[in-house]
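Trainee: Could you walk me through reading a model like this one, giving the general idea behind each feature before the case at hand?

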Amino acid sequence: MSRFDHVAPDALFKQLERATPEDSLPAVTTLLAAVRFNADGLIPAIAQQHDTNEVLMMAWMNREALEETLTTQRVCYYSRSRGKLWRKGESSGQQQQLVSAALDCDGDTLLLQVEQTGPACHTGRRSCFYIAVDGEQASITSNPLIDPDDLYGKKS
């Protein structure tokens, strides 16, 4: 039994601000009911390589994608352009296995620690964050590991 079991979903993350590692938390389903999905029913999910802390990508999840990811340990996102679930690697083979997941303090952003197979980016790069910008100029910081045509099959 958790002291947070009877907290209203819209107040749960505020109540968790003073929680400690010794506190027992409510069931995951209760916690997921309190997640602050945006008006489109989505939450940003940042994927980070678990052993190097390299930030690989940011994508969106709806509740179904989040629940599937937690259940299967294979990362599943929601594709806004396709309007459906997108299991990372389903067309490229470059999968993400979930190592751990954490919600931020507001319950509106998710951090996924993953084991990434090959490149995470559709450009064939390890990370989607390869365009460095500063006050003066921008630069490309990495080369593709795999040609995108080879990664996804050449489109006619």
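Mentor: Of the 156 residues in the protein, 35% are buried, where buried means under 20% relative accessible area, exposed means over 50%, and partly exposed lies in between, with a 1.4 Å probe and protein chains only. This is a predicted model, in which local features need pLDDT of at least 70 and side-chain atom pairs count only at pLDDT 80 or more, while totals for chains, interfaces and linings use all residues. Residues are numbered from 1 along each chain as its sequence is written, and side-chain values use heavy atoms, with hydrogens and water left out.

Trainee: How many helices and strands does the protein have, and in what order do the elements run?

Mentor: Helices (H or I, at least four residues) and strands (E, at least two) are DSSP runs, numbered from the N terminus. Here there are four helices and eight strands, and from the N terminus on they follow the order α-α-β-β-α-β-β-β-β-β-β-α. The C-alpha trace spans about 55 × 35 × 30 Å along its principal axes.

Trainee: What share of the contacts joins residues 24 or more positions apart?

Mentor: A contact means heavy atoms within 4.5 Å. Among the contacts in the protein with a separation of 6 or more, 41% are between residues 24 or more positions apart.

Trainee: Is Gln 113 buried or exposed, and why?

Mentor: Gln 113 counts as buried because its relative accessibility is 15%. Pro 21, by contrast, is exposed because its relative accessible area is 78%, and Pro 21 lies in the loop between helix H1 (9-15) and helix H2 (28-34). Pro 21 and Ala 120 are 99 residues apart in sequence and 32 Å apart in space, C-alpha to C-alpha.

Trainee: Which residues does Thr 117 touch?

Mentor: Thr 117 is in the loop between E6 and strand E7 (131-133), and, not counting residues up to four places away in sequence, Thr 117 touches Gly 93, Gln 94 and Gln 95. The C-alpha atoms of Thr 117 and Gly 93 are 7.9 Å apart in space, although the two residues are 24 residues apart in sequence. At 41% relative accessibility, Thr 117 counts as partly exposed.

Trainee: Which residues form the aromatic pair?

Mentor: Rings of Phe, Tyr and Trp (its six-membered ring) pair if their centres lie within 6.5 Å; planes under 30 degrees apart count as stacked, over 60 as edge-to-face and the rest as tilted. The structure holds one aromatic pair. Tyr 77 and Trp 86 form this tilted pair, at 5.2 Å centre to centre with 40° between the planes. Tyr 77 counts as buried, at 0% relative accessibility.

Trainee: What volume does the largest pocket have, and which residues lie nearest its centre?

Mentor: Rolling a probe the size of a water molecule over the atoms shows where empty space is left. On a 1 Å grid over the protein atoms alone, a pocket is an open set of points where a 1.4 Å probe fits, with protein on both sides within 12 Å along at least five of seven lines, and lining residues have an atom within 4 Å of a point. Grid points are joined across faces, edges and corners, and a volume is the space filled by probe spheres set on the points. The largest pocket has a volume of about 410 Å³ and is lined by 21 residues, of which Met 57, Ala 59, Arg 82, Trp 86 and His 122 lie nearest its centre. Strand E2 (55-61) and strand E3 (76-79) are the elements that give two or more residues to this lining, and E2 gives the largest share, four residues.
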